[in-house]
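Hi,

Here is the model I promised to send over.

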Amino acid sequence: MIKRLDVKFVLTLVITSVVPILASLYLVTEAVQTSLGVGLNRDIANSLSQSVKIYKDYIEEIKSGHDRFMSALEDSARLQYACQAQDERQIKQVLRTFIRATQIKEISVTLSTGPLLVQYPMDDSRYRSVTRSIPLTHPFCRHIEVVFGVNREITANFKQAAHSTETYDALYRAPRDYLTQRVIMIYAIFLGLIVIISVWQGVFWTRRLTRRLHTLNLATKDVTHGNLDVRVDPGGQDEVAELINSFNTMVDEIESTRARIQYLQKISTWQEIARRLAHEIKNPLTPIQLAAQQLKNKYDANDPRFGRLLDQSVDIIEEEVHTLKRLVTDFSSFAKLPQISPIPMDVGEFLRDCESTLEIVAEKQDLTLLFEFPEPGLIVSLDSMMMKRVVDNLIRNAAEAMAGADVSHPSVVVRVEELAQTDEVAIRFEDNGPGVLPEHHPSLFEPYFTTKEEGTGLGLAISKKIVLEHNGVIWIDDRQTDGACFVVQLPLVKDKKKLK
Ligand SMILES: Nc1ncnc2c1ncn2[C@@H]1O[C@H](COP(=O)(O)OP(=O)(O)OP(=O)(O)O)[C@@H](O)[C@H]1O
Ligand SMILES: [Mg+2]
């Protein structure tokens, strides 16, 4: 599916690559035409063939020089005389006079007694050898062979000039349009390939980019419609990936803020219900209790069976009224939870404070309470009174769970972890009790969820409300296999002054 942004990108790419290429094609055509006009003309062709001719003549001249030398040698009266005399020394002398005459490497005469050689040292790398020989009719001197030295440079230059002339002639004879067409065609194929590769590359990267932007766009629409489960794969490490990561973080934050607000709203509804319930139950309780007491006091002790029944009924009424009164107290304290007023405080100091208060509770329950205090300097914004209620609730819950399960050495360890990545501190409460059943995890923080006969199920709900009001989170660590582990996570205060 091609999208609007894709089309724009591709069009821009095609235009930006094709326009300069067409312009350069035009310029190249012009340049080729002009240079062919300048380079391929009759004058140059003539001068080139002239120079080849000069070289040819020169080489011919060298050859005829060799011929002349050979006949001079053949006709030499001195040589004939020396041969006649069969005097090798004289022959050699004659040859030496000849060897100095022109560029000769060596002259050898085959005598009836064997070969006779005269040499003249010559640099082989500069001079090529050309051998000429003639037979002699003399019985003593039978054959002469001469090795001439011909300058290599001359023959090489001649070959080069001949080759250049040939190429130039071919170019000159070829029709100019044909040449232009060939150059332009090669150039056009080359440019066409560049256009195809660059457009293909451009489309590839553009599609990749727009696809991710399109996904991000759809995700943004989803979030606008209230779907906060949506997250987008960044698909790389570029600026778009950064944008997508920021989007994901933003949705995370919206989600947690929404959850926090929803929870606090739910708790405030339950607080209102608790307030009304407490009010409605509280009022009739005292008259019920008084009426039961009165009945007991006014009883005339004539009928012992009725007396016993009356005593039992009054005890039941009083016990139930007592339970109801405790419920009313719990409900009203839940309903009247005060607003928190936090101040910056050291986590270690706060926990030391909690330790001294909770020592008595621990002693009473025969519980080992172990605090692992962190290094000083971890500052959080705390309402210490309210946060102590959270710590108290968590430790009480652990103590109650362990007492209910008859754990032999009940203990709670409170340890602190700094979460540097999120600038938070985690306070962990780990016990060695029976733990929480996985199916109870989702309901733990719901108001009135309890597994205890005498519980109201408000402890964790109140704790969560307090922690959320501190901009923190409370959760049960389900990785803990041995006992239960509740974690309170609070944001660290980096700049103390800001919060004061
Ligand atoms: N440390 C723990 N170990 C095992 N179960 C726990 C622990 N803490 C809480 N629970 C479970 O969570 C439930 C809810 O706890 P919560 O403190 O909200 O209420 P409660 O303790 O039952 O009643 P209340 O605190 O109002 O007296 C408990 O009934 C218990 O089942
Ligand atoms: Mg509790």
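Which helices each supply at least two residues of the shell around ligand 1? They are α10 (384-404) and α11 (459-469), where helices are DSSP runs of H or I with at least four residues, strands are E runs of at least two, and numbering starts at the N terminus. α10 gives the largest share, 4 residues.

A word on conventions: this is a predicted model, with local features needing pLDDT of at least 70 and side-chain atom pairs counting only at pLDDT 80 or more, while totals for chains, interfaces and linings use all residues. Residues are numbered from 1 along each chain as its sequence is written, and chains are lettered from A and ligands numbered from 1 in the order in which they are written.

Back to the ligand: 22 residues surround ligand 1, counted when the C-beta atom, placed from the backbone, lies within 6 Å of it. Asn397, Thr450, Gly455, Gly459 and Leu460 are the closest.

On confidence, the protein chain has a mean pLDDT (the predictor's confidence in each residue, from 0 to 100) of 87, with 96% of residues at 70 or more. Strand β11 (485-491) is highest at 97, and helix α12 (496-499) lowest at a mean of 47.

Most residues other than glycine have a negative phi. Aspartate 366 counts as exposed (12 or fewer other C-beta atoms within 10 Å of its own, all placed from the backbone) because it has 11 such neighbours.

Cheers

Methods. Buried ≥ 20, exposed ≤ 12 C-beta atoms within 10 Å, placed from the backbone.
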